[in-house]
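Please read this report with the sequence and the model side by side.

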Amino acid sequence: ATPMSIMTATGRGAQAGVLIKDAEALERFASVDTLIVDKTGTLTEGRPKLTDVVPAEGFDDGQLLTLAASLERGSEHPLAEAIVEGAAERGASLLSTSDFEAVTGKGVSGTVEGRKVALGNAAMMADLGVGIDRLAGQADAMRAEGKTAMFVAVDGAVAGFVAVADPVKATTVEAIRALHDTGLRIIMATGDNERTARAVAAKLGIDEVRADMLPDGKQNLIEELRAKGAKVAMAGDGVNDAPALAAADVGIAMGTGADVAVESAGITLVKGDLNGIVRARTLAQATIRNIR
Ligand code: ADP
Ligand code: MG
């Protein structure tokens, strides 16, 4: 490897907001054959919006949304923000909550004015022994549109569900096509449910999906693929996905906003845009061709 060609490539990258850690990261990214991308915030905007409020018998929209948002005020999850914001836009006034608890990858629970309230995905409801069969059809219809449905339980019985939508970034479809063209196998990984994940993937031309992942699932997936001989890059937000980024042959930290390289990443994209990955891949492959 001539030092000059690598310096030229990293310099060009930096101008475009693509920070490449060192020569090794650049060379490795040229030979990677598999790219794992986190859905939320990487393929999508990461700013979900409340779209639907579907109460079960005995509740109305206002009651359901008030309970949901009162509970979610205690959470910093993007899904929680969507519910709190949606409730504010619809004029709900929130109730005081105690015993707040967050269950990673599943949801939240607490006491809202003396009532036991829980909110989360199907796994959360299963853990609590709350049946959701009555709402399953309606929830599935929304998931088929790429929305995420979250069930609400009050005093041990289902009270309804709320749904949010997180639009895909305008640049994602074209970037995925370009990345496929550079010879990459692309796998979407997400903590979201299978149906929602598949609906989003279909819009993007991604045919491999790993859904319902718990926080260490992405790391396990990377290790599983590497054990089979794959060379794996992982793109995710630098904060939540740091262990997965570190486990990959090349970690790609997306959209840190600031002009700072992320510790566990070989490549840091200043803008959260997948086009940065296309640029990094093109630069890496061109550099390796020049060297050989
Ligand atoms: P990802 O960031 O990959 O989409 P997370 O692990 O953050 O996944 O969340 C996985 C799933 O757990 C969400 O899709 C949602 O169904 C549920 N969940 C997690 N936190 C919350 C919350 N605060 N409110 C409602 N649902 C939640
Ligand atoms: Mg995430």
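The text below describes the parts of this predicted model in turn.

Residues are numbered from 1 along each chain as its sequence is written, and chains are lettered from A and ligands numbered from 1 in the order in which they are written. Because this is a predicted model, local features need pLDDT of at least 70 and side-chain atom pairs count only at pLDDT 80 or more, while totals for chains, interfaces and linings use all residues.

**Domains**

The protein chain is assigned domain 1 (9-45 + 168-291) and domain 2 (49-165); such bounds come from an automatic or database domain assignment. Between the C-alpha centres of domain 1 and domain 2 there are 31 Å. Eleven residues from domain 1 and twelve residues from domain 2 make the contact, where two residues are in contact if their C-beta atoms, placed from the backbone, lie within 7 Å. Helix 9 (residues 194-204) supplies five residues, the largest share of the side of domain 1 that touches domain 2. Helices (H or I, at least four residues) and strands (E, at least two) are DSSP runs, numbered from the N terminus. Sorted by class, that side of domain 1 has four nonpolar, four polar and three charged residues. Here Ala, Val, Leu, Ile, Met, Phe, Trp, Tyr, Cys and Pro count as nonpolar, Asp, Glu, Lys and Arg as charged, and the others, Gly among them, as polar.

Strands of a sheet pair through backbone hydrogen bonds, either parallel or antiparallel. In this report two strands pair if DSSP finds at least two bridges between them. One open sheet has seven strands in the order 1-13-12-11-2-9-10, with mixed pairing. Strand 1 (18-20) and strand 10 are at the edges; each has a single partner strand, so one side of each is left without a neighbour in the sheet. From one strand to the next, the twist averages 20 degrees. Axes are lines fitted to C-alpha atoms, for helices over the stretch in contact, and angles run from 0 to 180 degrees between N-to-C directions.

Which way do the side chains of strand 12 point? V250, I252 and M254 point one way, and G251 and A253 point the other way. Five of the five residues of strand 12 are buried, a word used if 20 or more other C-beta atoms lie within 10 Å of a residue's own; exposed means 12 or fewer, partly exposed means in between, and C-beta atoms are placed from the backbone. In strand 13, M254 has L269 as its bridge partner, and A253 stands opposite T268.

A second open sheet has six strands in the order 3-8-7-6-5-4, and the pairing is antiparallel. Strand 3 (49-55) and strand 4 are the edge strands, each pairing on one side only. A149 stands opposite A163 in strand 8. Helix 7 (residues 133-143) packs on this sheet, where helix 7 touches strand 3, strand 7 and strand 8. The direction of helix 7 makes about 5 degrees with that of strand 8.

| Strand pair | Sense | Bridges |
|---|---|---|
| Strand 12 and strand 13 | parallel | three bridges |
| Strand 11 and strand 12 | parallel | five bridges |
| Strand 7 and strand 8 | antiparallel | seven bridges |

**The shell around ligand 1**

Which residues come nearest to ligand 1? Of the 19 residues around ligand 1, they are T40, S75, H77, N121 and G191; a residue is near a molecule or strand if its C-beta atom, placed from the backbone, lies within 6 Å of it. Elements giving two or more residues to the shell include helix 3 (39-43) and helix 5 (78-89). The shell holds five nonpolar, ten polar and four charged residues. Domain 1 and domain 2 each give at least three residues to the shell.

**Loop residues**

D155 is in the loop between strand 7 (148-154) and strand 8 (157-165). Phi of D155 is near 50 degrees, a positive value in a residue other than glycine. D155 counts as exposed because there are 10 C-beta neighbours inside 10 Å.

D212 is in the loop between strand 10 (208-210) and helix 10 (217-227). Phi of D212 is also near 50 degrees. D212 counts as partly exposed because there are 15 C-beta neighbours inside 10 Å.
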